[in-house]
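Reader: Hi! Could we go through the aromatic rings in this one together?
Author: Happy to, here it is.
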Amino acid sequence: MLGNLTKYNYQTHFCWSKPTSGIMPYQEIKRMIKGGQIKCAIPFDSSQIQPASLDLRLGRLAYQVRASFLPGLSAAVMDKIAQLDGGDPVLDLLKGAVLKRGCVYIIEILETLNLPHDVEALANTKSSIGRLDILTRLITDGCIAFDRIDKGYKGRLFLEILSLSFNVVVSYGSRLNQLRFQRGVSKISSKEVRKRHALGHFAKVDAGDILISPRGTLLPCSIDLQGAGKGTIVGYKARKNTCVIDVDRKYTYPASKFWEQLYWDHGQLILEKDEFYILGTREELAVPPDLAAEMLPFNNQFGEFRVHYAGFFDPGFGWANGQAQGSRAVLEVRSYGAPFALEHGQIVSCLDYRRIASGKTKIIYGTALKSNYQGQKMTLAKHFVIDI
């Protein structure tokens, strides 16, 4: 509860109670590795461990299959691959290999799990990968849902990869996806959301339209199509027939070869069918060090488009010097079915805050970790050099 809620400096210590349930923080993930609950045949890289998530690394062999799939109960991923014409490895990633746009690939992850009976896991695409319009989904033997790993799971992990806009190079050890671990309930109450918003912990987010849903208490996020007004760039649209992008190379590719600028048009943008866009939120968001957050798609009754492939925010996003400074969320947007007209300020997603187990994480997202998107405005993936 919030009886001891004060404006403490989060850099020195936390004033919250320390629940054992919630999203596992950095130090707990380290303990899981040391205890053999997360395993790998090769050494872990310390940079894999984020404030409340773990980067997963690709194995050596990629299998191209005819269709996406879920194994289903009692079925093995490799058996399903063989059924879908992927029985022989088609690509060796040791020196890098091209994944063709529009093709479905399955790659085994280097890490394996031996989860405790009370710990489950959730996966999502890493932010830089989502901004390349690469859809990744984690599957396991016997799974019936993407990106969800049951409590007590023991076994291998596989990643389904579908690049929708670009041909991309991936390599043995590339990090496209991340996993977060949860014990018990991580939801926070609407009362706590409102009180912490009043204290400015969530930066510039309008709490007037807080949504109560089975997923928890959500804060709505809206689209920014005004920018600084007439003549300014409000987003980017992916170009067709571009060069190959190596997902492991930073600040290499001229943005103009891959992206078309979108200029202010009276606060409106028509999303063309099956095109990919990079846009930004109107709100400046922050995630306190004792919370994590997930960006969820808004109800599709309000438009047939998808927002945000990579929807997880580690503790400390938009947070600096012990307080919420705010950072815009970048939205990966794709329209389905028919062209759709977006208006400035239209709600397109919701932010779901979740509690960190133990009350805090020992490291937070930000400049100390050389986090790529702290304080961002509307930013393309780290692979590009802005020349437009």
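Reader: Which residues do ring pairs link into a cluster?
Author: Ring pairs join Phe166, Tyr253, Phe258, Trp259, Phe276 and Phe384 into a cluster. Keep in mind that this is a predicted model, where local features need pLDDT of at least 70, side-chain atom pairs count only at pLDDT 80 or more, and totals for chains, interfaces and linings use all residues. Residues are numbered from 1 along each chain as its sequence is written, and side-chain values use heavy atoms, with hydrogens and water left out.
Reader: How many aromatic pairs are there by this rule?
Author: Nine aromatic pairs. Rings of Phe, Tyr and Trp (its six-membered ring) pair if their centres lie within 6.5 Å; planes under 30 degrees apart are stacked, over 60 edge-to-face, and the rest tilted.
Reader: Why is the pair of Phe166 and Phe258 edge-to-face?
Author: Because the planes of Phe166 and Phe258 stand at 75°, with the ring centres 5.8 Å apart. The two are 92 residues apart in the chain: Phe166 is in the loop between strand 11 (154-163) and strand 12 (168-170), and Phe258 in the loop between strand 19 (253-254) and strand 20 (259-263). Strands here are DSSP runs (E, at least two residues), numbered from the N terminus.
Reader: Nice! Is Phe166 buried or exposed?
Author: Buried, with a relative accessible area of 0%. Buried means under 20% relative accessible area (1.4 Å probe, protein chains only). Phe258 is buried too, at 2%.
Reader: And what about Tyr253 and Phe258?
Author: Tyr253 and Phe258 are also edge-to-face, 5.7 Å centre to centre with 75° between the planes.
Reader: Switching topic: which ring does Arg137 lie over?
Author: Arg137 lies over the face of Phe146, 3.8 Å from the ring centre.

Terms used:
Helix = DSSP H or I, 4+ residues; strand = E, 2+ residues; numbered from the N terminus. Buried < 20%, exposed > 50% of the residue type's maximum accessible area, 1.4 Å probe, protein only. Lys NZ or Arg CZ within 6 Å of the ring centre and 35° of its normal.
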